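Here is a short tour of a few elements worth a look. Please have the viewer open as you read.

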Amino acid sequence: MGQAAGELQTSSWLWQKSVSSQETTEVPQGAALALSSQLLAANTDSMRKQEVWTDRETCLAYSAGSPAEQVKTLVELLTGKGSQLLQAHNKMPDPPLVSQSNESRLRKHCEALLSRVGNDPELGSPSHRLASLMLVEGLTDLQLKEHDFTQVEATRGVWRPTRAITLDRLFLPLSRVSIPPRVSVTIGVAGVGKTTLVRHFVHCWARGQVGKGFSWVLPLTFRDLNTYEKLSADRLISIVPNVGGANLTMMAPDRVLLVLDGLDECKTPLEFSNTMACTDPKKEIQVDHLITNIIRGNLFPEISVWITSRPSAAGQIPGGLVDRMTEIRGLTEEEIKVCLKQIFPEDQNLLGQVLSQVQANRALYLMCTVPAFCRLTGLALGHLYRTRLAVQDIELPLPQTLCELYSWYFRMALGREGQDKGKVSPRIEQVTQGARKMVGTLGRLAFHGLVKKKYVFYEQDMKAFGVDLALLQSALCSCLLQREETLASSGAYCFIHLSLQEFVAAAYYYSASKRAIFDLFTESGMSWPRLGFLAHFRCAAQRATQSKDGRLDVFLRFLSGLLSPRVNTLLAGSLLAQGEHQSYRDQVAEVLQGFLHPDTAVCARAINVLYCLSELRHTELARSVEEAMRSGTLAEMSSPSHRSTLAYLLQMSDICSQEADFSLCLSQRVLRSLLPQLLYCRSLRLDNNQFQDPVMELLGSVLSVKDCRIQKISLAENQIGSKGAKALARALLVNRSLITLDLRSNCVGPQGAKALADALKINRTLASLSLQNNVIEDDGVLCVAEALISNQTISMLQLQQNLIGHIGAQQMADALKRNRSLKELMFSSNTIGDRGAMALAEALKVNQGLENLDLQSNAISNTGVAVLMEALCSNHTLSSLNLRENSISPEGAQALAQALCANTSLKHLEYPDS
């Protein structure tokens with residue numbers, strides 16, 4: 001009620017402010033009316049959302065005629081003097097939600113949407129993969145700055161642990177006290193299914209399954225909008241099929257969802273800082289300016305807006321304007337199987353072979369979490385295995401690199417082109433010269449599109465690059481391009497996946513470099529002369545490594561891979577000339593390694609160089625570092641190239657897939673250079689590296705990043721003091737991924753323990769903490785015990801060898817009486833004595849959560865044992881108790897035996913001489 005009253009006061013103040021300003025300032029009449037209309041609409045909408053007004057009162061405010069009548073009605077409602085108006089209004093029948101004419105128009109609109117999204121049986125299914133999305137808190141640096149492939153590789157295909165939201169709740173409040181989002185953004189890497197998601201939602205809405213709060217859903221794509229130079233807001237609505245002459249007033253603006261699919265395909269970037277505000281819905285402005293003003297709320301402030309985009313393009317929208325951001329997750333292992341099964345529905349043997357190859361190749365498996373890439377991979381491998389069977393050559397090598405895989409896909413496309421021309425057993429060499437020319441022109445189109453960040457092409461683009469539109473219907477082009485009709489009745493073309501555009505672009509660059517005398521990247525064609533393939537390759541590598549968004553990374557990988565002897569053999573006579581540029585292979589490897597600069601931190605561009613070397617089949621550097629990791633001699637390798645290779649292996653090596661073990665081998669300098677890659681390691685072992693407090697500041701900065709994926713980190717046997725512990729504690733205040741933290745055998749001390757304990761009062765993810773041998777003493781245990789009273793996630797606590805006496809044991813016992821989450825308490829090698837044992841015994845009578853208690857070597861005598869055994873008679877959860885190396889006589893052992901007769905839960909007991 002207080003919030004509603006505040007809203008009422010704010011609305012009244014805004015209105016009075018508007019009136020007073022108009023009294024003292026001369027304002028053009030049209031502008032004043034526009035301002036008044038906006039304020040009226042804002043007040044009315046605010047009153048309805050805050051439930052200050054009833055539906056009747058809202059309807060009364062909206063139904064007032066002229067601006068003067070609207071003002072009169074609003075003032076009377078705000079001041080509580082509108083009772084007579086309400087009584088008169090209550091006598092009127094309830095207005096229908098949708099008039100008959102609107103109802104007919106809406107029905108046709110739904111039918112048109114169902115027709116447009118297609119009849120895919122998966123659409124509308126509640127078990128659809130896209131039936132739920134992940135709620136995320138903005139974009140990470142990785143998403144903003146790196147190529148989509150890099151995002152999947154760096155995160156090892158593991159998506160951020162976050163809250164899921166089902167499609168039917170996508171535009172609803174998250175809680176009773178929140179409001180629905182106005183601007184929602186859904187992100188996903190290229191090929192993950194953003195357009196499929198929109199089609200699925202539209203299909204479900206048209207059938208009444210989701211989005212029931214919306215009377216109208218208006219789906220548009222940026223492929224459609226790119227065909228217009230200028231649009232007004234009103235005209236934007238009218239171009240949606242079967243909307244006709246309807247306008248927002250007829251639709252009830254607060255019940256309209258405008259869907260804008262594919263922001264990354266917008267031909268002009270959105271510039272929020274340099275776009276003039278526009279509030280006139282009839283004024284025609286540039287399309288990018290129109291979208292900017294809609295997102296800002298200058299136009300259509302009442303409607304809901306849903307935008308889909310690749311992550312990097314979504315960064316154009318200021319975070320403060322986005323009310324809700326969701327992300328589409330990739331395929332799970334089971335979903336990869338289902339995806340491949342759809343490609344080979346009747347050939348289980350072929351499905352098994354393809355699936356085995358995908359699972360055996362870690363890099364391939366990671367990328368197959370992207371549905372479009374998974375389908376492309378299935379088609380390429382299927383063609384390979386069928387070719388093996390046809391030529392009866394089981395030794396035909398399987399693809400080990402990205403370029404080899406795409407070479408097989410290209411062979412499949414060329415083979416289909418041959419079959420399309422009526423050949424029974426086509427050979428790649430027999431493919432027509434027209435097809436080769438088509439590939440060349442498509443490659444030029446793909447390359448220049450990549451340079452200009454252009455991923456959608458229209459008929460005028462095709463003609464400009466000499467692409468014969470008649471040949472676009474061929475089998476070859478159908479494997480590379482897909483065509484969609486736009487609302488402007490013109491065709492829009494894009495490559496089936498972004499990586500295909502990059503592959504074809506690299507093939508064009510590879511071939512064009514032998515005859516080009518100027519820089520191929522220069523749009524005008526004029527530059528300093530560049531002669532020979534090596535000069536052009538060096539130029540491409542320099543462009544890619546200097547790029548801030550990584551958009552040329554995969555292009556450079558393909559360009560390097562085309563020099564691989566195996567790829568050259570696969571594509572000889574079709575896409576490449578036999579032996580072309582092969583003499584440059586070693587020189588290209590030197591050029592690439594020259595870009596491994598000694599930077600402070602290994603960046604993604606440097607790691608991409610290692611991917612390029614892998615595509616080139618120049619793997620000596622990677623093999624040497626991997627062998628050093630196995631043999632424990634990694635400490636000897638600290639050069640820039642070795643550090644970059646180590647960062648690369650963190651992503652791709654099977655050695656690092658489960659746990660990255662860098663014990664006894666890392667210096668502070670090397671660790672600092674690897675920090676960006678450590679973010680995405682699940683388990684990190686950094687034992688015995690003589691790390692001191694400054695290194696903990698670095699690690700703390702990594703653990704504090706919202707995209708951190710580290711679940712387990714071991715820092716045992718270093719030289720971490722209280723300052724280092726405080727740095728880690730600050731990170732635990734915000735970290736949401738770490739489950740296990742091992743700090744045994746350091747010098748944390750009581751002050752460090754206090755800092756960590758304070759963090760545990762807030763942290764809700766850490767489940768295991770080891771402070772063994774850290775001299776935390778009774779003062780440190782006191783702080784940890786206080787934290788256990790409020791913390792309900794810690795299940796394992798290791799406090800061995802910490803000079804803890806009976807006072808510390810008493811504090812821990814008090815905490816155990818109230819804590820229910822702790823399962824294992826390691827208290828060995830302290831000096832709690834009988835008094836400490838008695839305190840813990842009292843806690844065991846109450847505690848019903850502890851399962852494992854280790855009291856080895858604690859100076860406990862028969863007296864303490866007797867009290868503990870008495871507690872076991874009433875405790876029914878403790879299953880393991882360690883009393884070794886204590887002063888227990890035969891009489892104490894007899895007390896143990898008697899307790900075991902009454903206790904049924906204890907399964908494991910260790911005592912002196914046991």
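Let's begin with the sheet of this predicted model. Its 10 strands form an open sheet with parallel pairing, in the order S13-S14-S15-S16-S17-S18-S19-S20-S21-S22. Strands S13 (660-661) and S22 (908-910) stand at the edges; each has a single partner strand, so one side of each lacks a neighbour in the sheet. Within the sheet, S18 (residues 796-798) and S19 (residues 824-826) pair in the parallel sense over three bridges.

Now for two packed helices. The axes of H16 (residues 348-360) and H18 (residues 371-391) come within 10 Å and cross at roughly 120°. This crossing of H16 and H18 is right-handed. The residues that make the contact are set out here:

| Helix | Residues in the contact |
|---|---|
| H16 | Leu350, Gln353, Val354, Gln357, Val358 |
| H18 | Thr377, Gly378, Leu381, Gly382, Tyr385, Arg386 |

By type, the residues of this H16 and H18 contact divide into five nonpolar, five polar and one charged.

Finally, how does the length of H30 agree with its residue count? Helix H30 (residues 640-652) has 13 residues, which at 1.5 Å a residue should span 18 Å; the end C-alpha atoms are 19 Å apart, so the two values agree. Helix H30 is also mostly covered, with 10 of its 13 residues buried. The buried residues of H30 are Arg643, Ser644, Thr645, Leu646, Ala647, Tyr648, Leu649, Leu650, Gln651 and Met652.

Note on methods:
Residues are numbered from 1 along each chain as its sequence is written. This is a predicted model: local features need pLDDT of at least 70, side-chain atom pairs count only at pLDDT 80 or more; totals for chains, interfaces and linings use all residues. Side-chain values use heavy atoms; hydrogens and water are left out. Axes are lines fitted to C-alpha atoms, for helices over the stretch in contact, and angles run from 0 to 180 degrees between N-to-C directions. Helices (H or I, at least four residues) and strands (E, at least two) are DSSP runs, numbered from the N terminus. A crossing is left-handed if the near helix is turned anticlockwise from the far one by less than a right angle, and right-handed if clockwise. Contact means heavy atoms within 4.5 Å. Ala, Val, Leu, Ile, Met, Phe, Trp, Tyr, Cys and Pro count as nonpolar, Asp, Glu, Lys and Arg as charged, and the others, Gly among them, as polar. The expected span of a helix is 1.5 Å times one less than its number of residues. Buried means under 20% relative accessible area, exposed over 50%, partly exposed in between (1.4 Å probe, protein chains only). Two strands pair if DSSP finds at least two bridges between them.
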